[in-house]
Amino acid sequence: YGYTTYTITSSNIESKVSSAIFTVAASGKKKIAVLSTHATKDAEKTLTAALEDYNFEILDLDGIISEKTLADVDTALLVAPVSDLSENELSVLDNFLDNDGERGKNLIVFGSTASPATPNLNEFLEEWGIKVEDAMAYDTNPGYRLSDGNSMMLFNKKDDLTGGINNGELSYYCGDNVAVSRAYETNGTRSTHILMSTSAYAVAAPKGVSGYTASSNDTVGEMPVILVTEDTTYNDNYDEISSYVAYFASADFIGDAWEQFGDNGNIEFAVTLTNMINGRDAASMFFLPKTTGVYTMGTPFSDAQYTAVYIVSIFVIPALLLIGGVLVWIRRRNR
């Protein structure tokens, strides 16, 4: 009867426009294969939905990992393993990352404290400088924990690899982080970087505990939660060429629950990191939904207001976007 109210809490306009521009400007579509046979079903959906907006093609690899199934794939994605990988599958991944010496391939793993033992995968990751422990990272400082007990604030680290994805205006949260450490800083052509860590009050606690009290035997300190190992060599033109293995200590990092926090940058970080290891120049081109607060707009409109909103929404905004797209297309064509 004309008394309906509408509530606008955030805007996705910048995110959608930036992803559209990125799709036009990117050099080509990259392929990401989800290793779904060994992963928790749908645990990757929030991340892959965002990646599709940034010119990634998502493939579901349901079956044994083989050279054939990874053909033409740029990045393999494993989220919250439910089973270990066989030695043969890990050999395939090793060859995939080497790429006949050409590098340019990537593996991203999101751990989970609920995963069963994966000794083969853990051994493979340790060869890449990422040591996965049979424990959980727990922040003993309640000031850095959220109300559920296991979720904590994370801290972006300054690193030469992360210059394009550090954002001091955003906050990062995650629960149920697997305890992980850096096996080495450099080893031959490989170098391992800590991109994000806990506070200085974390300990390795038994998996699944809540309200853990540190003992005198516990080592208290920062614990890495996101690591990336870069394997770099040079081509015939002496240009650096690299493959990357990235490890996130918890699949909860890309859970959709964190989207309720307006300043949360979890998905932004995961997307920009994925862009960066895939050689994208515009790795930091990502905009979170902008929280606007709660503003209530009541109805009915006057005829003049209704007409103005209709014209601007249906004609003016689409026309401006179309003109902008044409100008970008003309500029790229004339380069």
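In which sense do strand 7 (residues 152-156) and strand 8 (residues 172-174) pair? They pair in the antiparallel sense, over three bridges. Here strands are DSSP runs of E with at least two residues, helices are H or I runs of at least four, and both are numbered from the N terminus; two strands pair if DSSP finds at least two bridges between them.

A word on the model: it is predicted, so local features need pLDDT of at least 70 and side-chain atom pairs count only at pLDDT 80 or more, while totals for chains, interfaces and linings use all residues. Residues are numbered from 1 along each chain as its sequence is written, and side-chain values use heavy atoms, with hydrogens and water left out.

Back to strand 7. Its Leu154 has Tyr172 of strand 8 as bridge partner. Strand 7 is also joined to strand 11 (residues 190-197) by two bridges, again antiparallel, and there Asn156 stands opposite Met196.

Phe253 and Leu93 have the most contacts inside the largest nonpolar core, a set of 65 residues. Helix 5 (residues 266-277) gives the most to this core, with seven residues. Such a core consists of buried Ala, Val, Leu, Ile, Met, Phe, Trp, Tyr and Cys residues joined through side-chain atoms within 4.5 Å, where buried means under 20% relative accessible area, exposed over 50% and partly exposed in between (1.4 Å probe, protein chains only).

Finally, visit Ala183, in the loop between strand 9 (178-182) and strand 10 (186-187). Ala183 is partly exposed, at 38% relative accessible area.
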